[in-house]
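Subject: Structure handover

Hi,

Here is the structure you were expecting. Please open it alongside this note.

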Amino acid sequence: MKIILKRLLVFGLLYVAMGGLALAQNPDITFIMDNNRSDGWVVLDVAGAEGVAELRVNNPTLTLEVGKRYSFDFSLVNNLFHPFDVRNQDNEVLLDQGIGRGSMERDEAIAFEADEDVVTFTLTPELAAVIHNYQCVNHEMMVGLIVVTGM
Ligand SMILES: [Cu+2]
């Protein structure tokens, strides 16, 4: 009887742990991105939140909330021409879609993931404290501010 209970407990804990991990990897909010030639980033739509970016204008300010997990969907963007990154106020790269030079990419809590179509990260308090703008690596004009709420 005791063994059965222990097994149930172990499986229960495993189940909870794996559920927690899966949840941590799913974005709360997804920005569907496009580019207006090399003039600007454009947000076509946002899933999971409202009023956090003006849609279909160049380089809208993005409002992000501490603790949420964010995805940026670049399925419609050629990322070879328009690689995305996130920077601090001193223009230093924090998270980088392209070649992995961002200084906060290895932070486990941020759980940064990137490929040619999607960039995903969790806005931890540490990241929120320094995040400032999003930028196309190749085009100076493609830059927009990031505003943080919930600090
Ligand atoms: Cu670009």
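Which residue in β10 is the bridge partner of Y134? It is G144. Bear in mind throughout that this is a predicted model.

**The sheet**

That pair sits in the antiparallel pairing of β9 (residues 133-136) with β10 (residues 143-149), which spans 3 bridges. Both strands belong to an open sheet of 5 strands. The order is β3-β10-β9-β5-β6, and the pairing is mixed. From one strand to the next, the twist averages 30°.

**The β5 and β6 hairpin**

β5 and β6 run antiparallel and are joined by 3 bridges. Here R87 stands opposite V93 of β6. The hairpin has 5 residues between its strands. Look at N91 there: it takes a positive phi near 70°.

**The core**

Next, the nonpolar residues. In soluble globular proteins, nonpolar side chains tend to be buried together. In this model, the largest nonpolar core has 29 residues. M33, F72 and F121 have the most contacts inside it.

At least two residues each come from β1 (29-36), β2 (40-47), β3, β4 (69-73), β5 (84-87), β6, β8 (118-122) and β9. The largest share comes from β2, with 3 residues.

What does F121 touch, leaving out residues up to four places away in sequence? The list is Y70, L95, I110, A111 and F112.

**A47**

One more residue to look at. A47 lies in strand β2. Is A47 buried or exposed? A47 is exposed, because 12 other C-beta atoms lie within 10 Å, and the cut-off for exposed is 12 or fewer.

A47 still has contacts beyond its neighbours within four places in sequence: I29 and T30.

**Where to start**

Begin with Y134 and its bridge partner G144. Then go to N91 in the hairpin of β5 and β6. Finish with F121 and its contacts, including Y70 and L95.

Best wishes

Technical notes
Residues numbered from 1 in each chain as written. Predicted model: local features only at pLDDT ≥ 70, side-chain atom pairs only at ≥ 80, totals over all residues. Pairing = 2+ DSSP bridges. Helix = DSSP H or I, 4+ residues; strand = E, 2+ residues; numbered from the N terminus. Axes fitted to C-alpha atoms, helices over the stretch in contact; angles between N-to-C directions. Core = buried A, V, L, I, M, F, W, Y, C linked by C-beta atoms within 7 Å. Buried ≥ 20, exposed ≤ 12 C-beta atoms within 10 Å, placed from the backbone. Contact = placed C-beta atoms within 7 Å.
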